[in-house]
Amino acid sequence: MGYTIAQKIIKEHLVSGEMVVGTDIGLKIDQTLTQDATGTMAYIEYEAMGIPRVKTEKSVAYIDHNTLQTGFENADDHRFIQSVCKKHGIYFSRPGNGICHQVHLERFGKPGKTLIGSDSHTPTGGGIGMLAIGAGGLDVAVAMGGGAYYITMPKMVRVNLTGKLSPWVSAKDIILAVLKVMSVKGGVGKIVEYGGEGVKTLTVPERATITNMGAELGATTSVFPSDETTREFLKAQGREEDYTELSADADAVYDEVIEINLSELEPLAACPHSPDNIKTIKELEGQQVDQVCIGSCTNSSYLDLMRVAYILKGKKVADNVSLAIAPGSKQVFNMLALNGALGDLIAAGARILESACGPCIGMGQSPNSKGISLRTFNRNFEGRSGTADGQIYLVSPETAAVSAIKGVFTDPRCLGEAAEIELPEKFLINDNMVIDPAPVEEMDSVEILRGPNIKEYPKTSPLTDSIEASCSLKVGDNITTDHIMPAGAKILPLRSNIPKISQHCFTVCDKDFPERAKTLGKSIIVGGENYGQGSSREHAALAPLYLGVKAVLVKSFARIHKSNLINAGILPLTFKDNADYDKIKLGDMLELPNIKEEITNASDITVVNKTTGETIKADCELSDRTRAIIIAGGLLDYTKENS
């Protein structure tokens, strides 16, 4: 039996466990990336390990999230990260150099390599054949220190692409079609691998758009073959030596196969408030639009923005529309400026933003009240835009551009013959905004620069014999990390200050939660299906940890958030019978009378509702390693004990 692409990379990097679905495996990590919203805490955690220099082949810190500097906090964090990079052997991508996933794809990613990043859209690297996985900051810190990265061995899904995209139908429409089939939780515990003749028709940036939004499936990662198209992309980036051919064996076996005929696809949109709420643009056509935002790590490539410039050239943005465009990297921005396309965007009335995440992370450009905003981004969770009642639709750059001109939802196929835009034979290469780490002989003399907003990692403690705590919050299905720990310009600058940021924890769902949890001292959260979907932000675990949350009892977890809870020493419990969800109410006193013994013995978890007198059973699915982490009080404690 042959191997899939992902299985080949896993086999090459396996340091612990066996490739048996559902079992714990440890992987050697070649590359890591962080961004500034998660990076400060990741580097605080790395420092706590006491390892002088990173042991990966390449680790890069990007400044791309917290670039709106309305106070000292973000600038202090950037200075801290830069000094850590210089001291510990990490490359530093300065603010303005671009979005981490776009720049990493252009300048650092290598087919066949493993990459983990403290950002859930790290799977973008799968567009060039990397095994690229989003992770919590602490997992990234451990990998930088030479430790393995542990995941549950996933199932393999093949998405078989046939045919060829019709004019004005794009890669964004492909991944929206996959989301319609699989849903936002359909990829949990799976790696999505793309194959078939249709793959050859897609450029690397188009492939990266698809793997980027694979995060919205809940998948461990997504990956494309590394083929001649990959070679040409790397050659154009001056990195042909990084090319490795990589494809699935003809007799590789998949757990699931999905067929997508590219020729049958049409322009699509993800409607409020979920990436899998899919409709055709034809169904929405004629509805007025208030705002259009083009960019993000999903759709800000040279190819994307050249197509947008083609549509906008000689046209004018509709009077009722605010159009903002953010090139994904300095490379893209510079090339648009030099070839005249930037002038076409400006002349049409577009507002040009810096090369950063910007509106996608709620950093500016919030739409008007109840405003309809078409965005080429990857997430449209309620309130993520910064406007609580904003109506956010996820669309392709082509749909976004033509709708900005018309002022209403418009199918781009009305434009007729498609633009013939190809990737350049050679990209503009200028890495002058990437700062190398200090030479080894100078590392010890480098001073780490900390601002007053940078606080220590929250205190942890080993698992106690029993836990008695109130239910401090009860929530429903598909709770995202944006619900748990909101983003946006007001809150993101607090990412390095857990005491302060915890005051915003769950306020989207219940404004009284932070004060209630703090007053209780210790508590338990109850939730529904797919709890913790979305961003990799470990602050969605660290803020509850600081507020005294000891366990989260839900119907099911999203992968990264469950891992972050374990790393923080918070028990991730699931109902054995989902009907028991209805047996707990806010304020009920819950007891886990034999929790340490039950965790140690990997037995069912007993949960006694002392308010009602009922006893229910829960699971705590842990490997031997994660069981030891929970008992130790979290990954930092476990790492110190075992170093």
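**Overview**

The protein chain contains 21 helices and 27 strands, where helices (H or I, at least four residues) and strands (E, at least two) are DSSP runs numbered from the N terminus. This is a predicted model, in which local features need pLDDT of at least 70 and side-chain atom pairs count only at pLDDT 80 or more, while totals for chains, interfaces and linings use all residues. Residues are numbered from 1 along each chain as its sequence is written, and side-chain values use heavy atoms, with hydrogens and water left out.

**Overall form**

- The C-alpha trace spans about 70 × 60 × 55 Å along its principal axes.
- Of the 643 residues, 63% count as buried, that is, under 20% relative accessible area with a 1.4 Å probe, protein chains only.
- Among contacts (heavy atoms within 4.5 Å) between residues at least 6 apart in sequence, 77% join residues at least 24 apart.

**Aromatic pairs**

- The structure holds eight aromatic pairs, meaning rings of Phe, Tyr and Trp (its six-membered ring) with centres within 6.5 Å; planes under 30 degrees apart count as stacked, over 60 as edge-to-face and the rest as tilted.
- Tyr194 and Phe224 are stacked, at 4.7 Å centre to centre with 5 degrees between the planes.
- This pair links distant parts of the chain, 30 residues apart: Tyr194 is in strand 10 (residues 190–195), and Phe224 is in the loop between strand 11 (221–223) and helix 8 (228–236).
- Tyr194 counts as buried because its relative accessibility is 1%, and Phe224 counts as buried because its value is 0%.
- Tyr531 and Phe557 form an edge-to-face pair, with 6.0 Å centre to centre and 85 degrees between the planes.
- Tyr531 lies in the loop between strand 22 (523–526) and helix 17 (539–546), and Phe557 in the loop between strand 23 (549–554) and helix 18 (559–567), so the pair ties together parts 26 residues apart in sequence.
- Both Tyr531 and Phe557 are buried.
- Phe233, Tyr302 and Phe427 are linked into a cluster by ring pairs.

**Charges over rings**

- Lys58 lies over the face of Tyr91, at 3.9 Å from the ring centre; the criterion is NZ of Lys or CZ of Arg within 6 Å of the ring centre and within 35 degrees of the ring normal.
- Lys474 lies over the face of Tyr581, at 4.1 Å from the ring centre.

Definitions and conventions:
Buried < 20%, exposed > 50% of the residue type's maximum accessible area, 1.4 Å probe, protein only.
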